[in-house]
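Subject: Structure handover

Hello,

Here is the structure you asked to look at. Please open it beside this email and follow along.

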Amino acid sequence: MPKHMKRALLLLVAFAMLPTLLYGCTEGAETSSGDPTTAQSGELPKNGNSVTVGIANDLDSLDPHTATSAGTTEVLFNLFEGLVKASPNGEIIPAVASDYTVSDDALTYTFTLREGVTFHNGAPVTMEDVLYSLERCRGSENDGTPLVTVFGNISNLKAEGNQLILTLNQPSLEFIYSMTAAIIPAGSGQTITSNPVGTGPFQFVSYAPQDNMVMKKYDGYWNQEKAAHLDQVTFRIFTDANALVLSLQGGTLDLAIHQSSSTASTLENNFTIHQDTMKLVQALYINNAVKPFDDLRVRQAMYYAINVPEIIDFVSDGSGRATGTSMYPAREKYFVEELATAYQQDIDKAKELLADAGYPNGFEMTITVPSNYTPHVRTSEIIAQQLQEVGITAKVELVEWGSWVKDIYRGRDFEGTVCAIAAEDMTAQEMLERYVTDHRKNFISFSNQEYDQVVNTALTTLDEKEQVAQYKRAQEILNEQAASLWIQDLCDLVVMSRNLDGFTFYSTYVLDMSTIYYK
């Protein structure tokens with residue numbers, strides 16, 4: 001069994017994006033290998049100086065165990081580390097632990113605590129800190145409800161010298177990815193939000209809500225070979241796209257993430273444009289527990305009514321990747337390519353299904369969308385126009401992000417919503433486990449007995465090939481059941497000063513500032 005298993009800590013997000021008229025990709029955009037060892041000119045990276053990064057949304061929490069927005073976790077990646085951490089290609093590498101082993105039955109994980117790791121306050125990381133952090137994720141400060149869902153599978157945690165022995169209730173090939181959960185000082189749960197202390201390459205300096213967050217290089221970082229090149233990084237929060245562009249043009253911003261093609265085309269003559277995909281799945285998520293969406297024929301009719309390529313052309317300049325299920329293409333191991341084209345627009349078939357379901361004249365519905373995510377708003381508007389062709393009148397209702405999280409995601413009080421689901425790594429577990437009938441993240445209330453059984457088999461098998469096969473079958477069921485109307489993995493654009501180099505795209509939702517340097 002491979003030592004480096006995978007985990008997926010799902011982040012439900014409407015991805016961090018500045019409001020623009022059109023989001024997509026520019027052709028011929030430049031990509032970066034992110035190799036920080038040599039500059040493109042062949043010179044060694046230049047250490048020192050600072051950069052200012054433009055981001056779209058405020059951080060929802062500085063607590064790494066409770067933050068839910070992907071825009072927050074990609075920033076916190078620079079401050080915190082777990083026993084292991086993600087590498088750019090989505091695999092796991094040791095961090096606070098120097099190494100780990102997994103028993104043959106995949107029930108026991110043993111981690112060796114790395115010597116010489118210190119927190120940003122200078123205190124050495126001890127086994128007490130590790131146990132406290134993991135027990136907190138397990139729910140010790142949350143009435144027993146795990147802060148990280150998969151930690152509910154832990155039956156026992158114990159220390160033997162410098163080794164942590166973790167035992168699971170059920171075997172898991174993927175649990176290792178949960179161990180990216182941040183290690184924080186023992187007893188710091190009540191203060192971690194106001195005083196974030198971790199072990200990462202950068203340490204916290206200050207935070208001004210709705211304005212900025214500042215971090216600086218941690219000189220005591222345990223891995224000096226991977227130490228940050230920059231002395232300081234300031235994240236500036238923008239809610240206005242024009243203000244961001246002006247800041248880039250005026251030189252007060254050095255880098256901006258998750259940008260639109262219109263922004264990139266304005267700046268491409270004076271900035272380096274990096275391009276990749278966002279590693280998420282955008283969809284019209286349907287409440288399967290609400291009529292008429294509890295009828296398979298209605299959901300399938302809606303899927304046949306929409307034109308996915310047309311949506312991708314309009315919203316992403318044709319550069320998004322159709323998915324057809326809750327998996328994005330970068331997860332080559334699990335992605336089922338043919339599902340992306342399983343539902344071709346067929347108006348006659350859609351009308352036939354609606355009539356068979358008792359809705360020959362269609363019906364009215366509401367698509368609730370977070371107002372500050374323009375690509376989702378635009379996608380909703382196009383979907384509404386396409387649904388009209390089969391008699392479905394869809395009203396697009398815009399709400400604030402906080403209300404969306406409270407009422408739609410947590411309260412499940414909706415009919416349809418457009419958002420995106422992202423994950424931190426290359427495993428399939430939480431991207432698919434969330435559709436299990438009684439899973440607390442199953443906000444669309446999908447329920448299918450075969451699906452539940454298939455996912456359970458995937459989660460408990462010790463045969464990796466069997467696991468992959470079961471995850472693929474799970475995706476087929478989701479597609480057959482039209483549990484959601486999956487659209488695309490959107491294109492991702494980063495605008496960066498030509499004075500900088502070393503930007504690294506991860507296979508997960510991460511913004512690693514430690515690799516960036518001045519030429």
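Which residue in β11 does Lys 216 stand opposite? Gln 232 stands opposite Lys 216.

Some ground rules come before the rest. This is a predicted model, in which local features need pLDDT of at least 70, side-chain atom pairs count only at pLDDT 80 or more, and totals for chains, interfaces and linings use all residues. Residues are numbered from 1 along each chain as its sequence is written, and side-chain values use heavy atoms, with hydrogens and water left out.

**The sheet**

Helices and strands are DSSP runs, numbered from the N terminus: helices are H or I with at least four residues, strands are E with at least two. Strands of a sheet pair through backbone hydrogen bonds, either parallel or antiparallel. Here, two strands count as paired if DSSP finds at least two bridges between them.

Seven strands form an open sheet with mixed pairing. Their order is β9-β10-β11-β2-β12-β20-β13. β9 (202–208) and β13 (271–277) stand at the edges. Each has a single partner strand, so one side of each is left without a neighbour in the sheet.

Now look at β11 (residues 232–237). Five bridges join β11 to β10 (residues 212–217), and these two run antiparallel. Six bridges join β11 to β2 (residues 50–55), and that pair runs parallel.

**Two helix pairs**

Two packed helices are described by the angle between their axes and the distance between the axes. Axes are lines fitted to C-alpha atoms, for helices over the stretch in contact; angles run from 0 to 180 degrees between N-to-C directions.

Start with α11 (residues 449–460) and α12 (residues 464–480). They pack at about 160°, with axes 8 Å apart. That makes α11 roughly antiparallel to α12 (the label for angles over 145 degrees). Contact means heavy atoms within 4.5 Å. Among the α11 residues that meet α12 are Tyr 451, Val 454 and Val 455. On the α12 side, the contact includes Tyr 471, Ala 474 and Ile 477. The residues of this contact divide into nine nonpolar, three polar and three charged. Ala, Val, Leu, Ile, Met, Phe, Trp, Tyr, Cys and Pro count as nonpolar; Asp, Glu, Lys and Arg as charged; the others, Gly among them, as polar.

Next come α6 (residues 308–316) and α8. Their angle is about 145°, and their axes are 10 Å apart. Glu 310, Ile 311, Phe 314 and Val 315 in α6 meet α8 residues including Arg 378, Ile 382 and Ile 383.

**Salt bridges**

The structure holds 16 salt bridges (a side-chain nitrogen of Lys or Arg within 4 Å of a carboxyl oxygen of Asp or Glu). One joins Glu 381 and Arg 378 at 2.6 Å, N to O. Both sit in α8 (residues 374–388), three residues apart, which means about one helical turn separates them.

**Two backbone details**

A cis peptide bond joins Lys 291 and Pro 292, with omega about 0°. Pro 292 is in the loop between β14 (280–286) and α5 (296–305). His 258 has a positive phi, near 55°, and is not a glycine. His 258 lies in the loop between β12 (255–256) and α4 (261–267).

Best wishes

Terms used:
Parallel < 35°, antiparallel > 145°, perpendicular 65-115°, else oblique.
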